[in-house]
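The report below looks at how side chains come together in this structure.

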Amino acid sequence: MSVLVSVGIVILAMLIMAFLQLTSGVFSLLCHYASGKYPKKRASDLEIFFILGAETIAVCLFLCCYYFSYILFFGSSRPETGIIAWIAVGVSIVLAVICLTFYYRKGVGSRLFIPRKVARSLNKYAKSAKTRSDAFTLGALCGTYELPFTLPLYLITAVEIMEMNAEYYSSYLLTFLYILAPIVPLLIVRWTFLVHHSLAELARARVRDKNFVRFILAFSYMTIAILIICFRI
Amino acid sequence: MNTKPFDEKLLRKELKIDARGLGIPSGAADAFIDCVISKVEKSFRNKKIITESDLKRAVGKELKKYNADFAYVYQNRDKII
């Protein structure tokens, strides 16, 4: 039962990672500008390096959280697990409420929670990305700006994966799938551009699906909180 | 107030990037862009100062006559993230 709960929590965390909109939004802008400014090969290079940047930061953050959790829970001064679990529940509920209310700004378009100055600079970087390193940095930067929503998930997932018995192959498989989850939407965006869909269609779809994304994010955070209350406290 | 002169070259460059990104053939894109810029310049001929949003609205309105996706991207690209 415990393993099933861990698997459930990790799958919900993967779902949240895949539904976060900042990295995919910046990536769609990069794809649009790169295909407008450069030949196909160079545009493709920039897109691949953006994905690599996003994946690298996801792996680094997950490993940092895994190491931090290992020291916290398996070190000599193990804290009261109940208190940590209640903190995780509180944070998940707060994030669920934030996703429902503040994830998207009011008004037209699909403007996100990030400050407008940051959004403008990300737009500018996406527009002016010339080299592979620019694209890689931009991908990593987007992963960092999503931290308010992803950091608690990395910590919860690291603990859950650690709690699973290492004999289960599923823990390795889940770790592998979890660190791949943030790039799944990027691969989908890249594929949509490859099959000749445009930024206009993607932007319209993002606006159309705003409420669906809000609901999925809030539902997943809330379910994680309920699973922790029922099975971990 | 922070003002700057209307930069037709910059507008043309931005529109060309958007057009190529949307897969509009370059000949057709150049023709749209010429028409749009000349109409926008004509409509603002009597005004000394215009805001960026006025310019955006006018260009978007003209672009919409030629290509709805082009107009949508031009008007909404800063509202995507």
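In this predicted model, A:Arg132 counts as partly exposed at 44% relative accessibility, whereas A:Asp45 counts as buried at 18%. The side chains of A:Arg132 and A:Asp45 meet in a salt bridge, with an N to O distance of 2.7 Å. Because A:Arg132 lies in helix H6 (residues 132-145) of chain A and A:Asp45 in helix H3 of chain A, the pair ties together parts that are 87 residues apart in sequence.

Over all chains, the structure holds 14 salt bridges, and three of these pairs are set out in the table.

| Pair | N to O distance |
|---|---|
| A:Arg132 and A:Asp45 | 2.7 Å |
| B:Glu52 and B:Lys4 | 4.0 Å |
| B:Asp34 and B:Arg12 | 2.4 Å |

In chain B, the side chains of B:Glu52 and B:Lys4 meet in a salt bridge at 4.0 Å, N to O. B:Glu52 lies in helix H3 (residues 52-66) of chain B and B:Lys4 in the segment before helix H1 (8-21) of chain B, so the pair ties together parts that are 48 residues apart in sequence. B:Glu52 counts as exposed at 61% relative accessibility, and B:Lys4 counts as exposed at 65%.

The salt bridge between the side chains of B:Asp34 and B:Arg12 has an N to O distance of 2.4 Å, and the pair links distant parts of the chain, with B:Asp34 in helix H2 (residues 26-43) of chain B and B:Arg12 in helix H1 of chain B, 22 residues apart. B:Asp34 counts as partly exposed at 40% relative accessibility, and B:Arg12 counts as partly exposed at 23%. Salt bridges that share partners also join A:Lys127, B:Glu14, B:Asp18 and B:Arg77 into one network.

Turning to the rings, a search of the whole structure finds 11 aromatic pairs over all chains. One of them is formed by A:Phe27 and A:Phe50, whose ring centres are 5.1 Å apart and whose planes stand at 35°, so the pair is tilted. Since A:Phe27 lies in helix H2 (residues 22-37) of chain A and A:Phe50 in helix H3 (residues 40-74) of chain A, this pair ties together parts that are 23 residues apart in sequence; both A:Phe27 and A:Phe50 are buried.

A:Phe62 and A:Tyr178 form an aromatic pair that is tilted, at 5.5 Å centre to centre and with 55° between the planes. A:Phe62 lies in helix H3 of chain A and A:Tyr178 in helix H8 (residues 169-180) of chain A, so the pair ties together parts that are 116 residues apart in sequence. A:Phe62 and A:Tyr178 are both buried, and ring pairs link A:Phe62, A:Tyr66, A:Tyr154 and A:Tyr178 into a cluster.

Arginines also lie over ring faces: A:Arg42 is placed over the face of A:Tyr38, at 4.1 Å from the ring centre, and A:Arg204 over the face of B:Tyr72, at 4.5 Å from the ring centre.

A:Trp191 is found in helix H9 (residues 184-194) of chain A and is exposed, with a relative accessible area of 53%.

A:Thr101, in helix H4 (residues 81-101) of chain A, is partly exposed, with a relative accessible area of 43%. The side chain of A:Thr101 reaches the backbone oxygen of A:Val97 at 2.7 Å, while the C-alpha atoms of A:Thr101 and A:Arg214, 113 residues apart along the chain, are separated by 8.3 Å.

Terms used:
Residues are numbered from 1 along each chain as its sequence is written. Chains are lettered from A and ligands numbered from 1 in the order in which they are written. This is a predicted model: local features need pLDDT of at least 70, side-chain atom pairs count only at pLDDT 80 or more; totals for chains, interfaces and linings use all residues. Side-chain values use heavy atoms; hydrogens and water are left out. Rings of Phe, Tyr and Trp (its six-membered ring) pair if their centres lie within 6.5 Å; planes under 30 degrees apart count as stacked, over 60 as edge-to-face and the rest as tilted. Helices (H or I, at least four residues) and strands (E, at least two) are DSSP runs, numbered from the N terminus. Buried means under 20% relative accessible area, exposed over 50%, partly exposed in between (1.4 Å probe, protein chains only). A charge sits over a ring if NZ of Lys or CZ of Arg is within 6 Å of the ring centre and within 35 degrees of the ring normal. A polar contact is a pair of N or O atoms within 3.5 Å; within protein, one must be able to donate a hydrogen and the other to accept it, and residues adjacent in sequence count only if both atoms are side-chain atoms.
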